[in-house]
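Me: Hi! I'm new to this one and would like a friendly walk through it. Can we start with the overall picture?

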Amino acid sequence: MMEFLNSLMPNLMENFPEFLKAIQETMIMLSVSGLVSFFFGTAFGVLLIVTRRGGILENKLIYGIFAKVIDFFRSIPFIILVAFIDPLTRMLAGTSIGVKGALVPLIVGTIPYFARQIESALAEVDHGLIEASQAMGSSPWEIITRVYLRESIPAIIRASTITLISLLGFITMVGSIGGGGIGDFAIRRGYNSFNHDITNASVIVLLIITVIIQGVGNYLIKKKTH
């Protein structure tokens with residue numbers, strides 16, 4: 001078996017320990033930045049939905065400020081965003097390269113995207129349910145947790161799935177400029193060295209991760225849809 005793999009993918013097998021490390025770094029970046037972005041993105045998404053016109057805590061000033069800041073960061077292409085916030089990355093992480101240096105731009109780039117996804121998901125909630133909760137004397141916090149978030153679970157899962165897949169693309173991009181992970185490995189050991197077996201193996205790994213994320217997301221959506 002090893003002889004077959006060595007003949008089929010000689011360059012990959014030669015750099016196999018580094019390949020495994022790249023996969024590990026990718027999963028660390030995906031899990032850490034995904035988790036942080038989920039909590040902050042959900043919080044900002046909820047803030048947008050409750051302060052917008054007609055919201056339960058309507059506030060044009062707060063909505064306008066947060067909406068503009070979120071849209072500003074969403075409008076910047078990710079690869080440009082990495083360079084734009086480099087001083088912030090160095091201040092917070094102490095470096096702008098490697099996994100540690102990649103987490104800051106990944107989180108900053110993902111939160112605005114996910115916040116808008118959450119806002120759209122919560123906007124699908126039947127307004128009649130919200131009015132009924134208000135009529136029964138529910139507090140804003142109770143409406144957020146018991147109506148908005150509970151009724152939007154399938155849509156939130158769908159938004160999370162889409163965001164994680166997009167985040168995987170961001171991780172690959174940041175790897176191409178020294179962020180570590182599969183992107184860094186594929187560019188440095190594969191593309192730049194004309195080792196096509198390494199490039200192909202990296203693409204396959206990314207495809208497998210994407211399929212797993214989408215499959216788990218579809219399963220959870222099916223289980224939570226009522």
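Me: How many helices and strands does the protein chain have?
Reply: The secondary structure comes to 12 helices and zero strands. Keep in mind that this is a predicted model.

Me: And what are the spans of the C-alpha trace along its principal axes?
Reply: The C-alpha trace spans about 70 × 40 × 20 Å along those axes.

Me: What share of the residues counts as buried?
Reply: Of the 226 residues in the protein chain, 42% count as buried. As for contacts between residues at least 6 apart in sequence, 72% of them join residues at least 24 apart.

Me: Let's talk about the inside. Which residues touch the most other members of the largest nonpolar core?
Reply: Those are Phe 19, Met 29, Phe 78 and Leu 106, in a core of 29 residues. Two or more core residues come from each of α3 (16-51), α5 (78-84), α7 (98-123), α10 (153-179), α11 (181-191) and α12 (196-224).

Me: Which of those gives the largest share?
Reply: That is α12, with six residues.

Me: What is Phe 78 in contact with, leaving aside its neighbours within four places in sequence?
Reply: Phe 78 is in contact with Pro 105, Leu 106, Gly 109, Phe 170, Met 173 and Val 174. There is also a second, separate core of 17 residues, and its members include Ile 118, Val 125, Ile 130 and Ala 159.

Me: New topic: helix α9. Which of its residues are buried?
Reply: In α9, Ile 143, Ile 144, Val 147 and Tyr 148 are buried. Looking down the axis of α9, the buried residues fall within an arc of 125°, so they line one face of the helix.

Me: What do those buried residues pack against?
Reply: They pack against α3, α7 and α8 (127-135).

Me: And which exposed residues are on the face turned away from the buried side?
Reply: That face of α9 carries Trp 141, Arg 146 and Arg 150, which are exposed.

Me: How far apart are the end C-alpha atoms of α9?
Reply: They are 15 Å apart. At 1.5 Å a residue, the 12 residues of α9 (residues 140-151) should span 16 Å, so the two values agree.

Me: What about α10, what does that helix span?
Reply: Between its end C-alpha atoms, α10 spans only 33 Å, while a straight helix of 27 residues would span 39 Å at 1.5 Å a residue. Just after α10 comes Gly 180, which takes a positive phi of about 85°.

Me: Okay, pockets. How much space lies in the largest pocket?
Reply: About 220 Å³. Its lining is made up of Phe 38, Ile 153, Ile 156, Ile 157, Ser 160, Thr 161, Leu 164, Ile 213, Val 216, Gly 217 and Leu 220.

Me: Which elements give two or more residues to that lining?
Reply: Those are α10 and α12. The most comes from α10, with six residues.

Me: Let me pick some single residues. Is Thr 42 buried or exposed?
Reply: Thr 42 counts as buried, because its relative accessibility is 14% and the cut-off for buried is under 20%. Thr 42 sits in helix α3. Not counting residues up to four places away in sequence, Thr 42 touches Ser 37, Phe 114, Ile 118 and Leu 149.

Me: And where is Thr 172?
Reply: Thr 172 is in helix α10. It is partly exposed, with a relative accessible area of 26%.

Me: What does Thr 172 touch, not counting residues up to four places away in sequence?
Reply: Thr 172 touches Gly 183 and Leu 206. Thr 172 and Gly 109 are 63 residues apart in sequence and 13 Å apart in space, C-alpha to C-alpha.

Me: Last one: where is Arg 188?
Reply: Arg 188 lies in helix α11 and is partly exposed, with a relative accessible area of 34%. Arg 188 touches Glu 18 and Ser 193, not counting residues up to four places away in sequence. From C-alpha to C-alpha, Arg 188 and Thr 199 are 9.6 Å apart in space, and they are 11 residues apart in sequence.

Terms used:
Residues numbered from 1 in each chain as written. Predicted model: local features only at pLDDT ≥ 70, side-chain atom pairs only at ≥ 80, totals over all residues. Heavy atoms only, no water. Core = buried A, V, L, I, M, F, W, Y, C linked by side-chain atoms within 4.5 Å. Buried < 20%, exposed > 50% of the residue type's maximum accessible area, 1.4 Å probe, protein only. Helix = DSSP H or I, 4+ residues; strand = E, 2+ residues; numbered from the N terminus. Contact = heavy atoms within 4.5 Å. Expected span 1.5 Å × (residues − 1). Arc of directions from axis to C-beta. 1 Å grid on protein atoms, 1.4 Å probe; cavity = no way out; pocket = protein on both sides within 12 Å on 5 of 7 lines; lining within 4 Å. Points joined across faces, edges and corners; volume = space filled by probe spheres on them.
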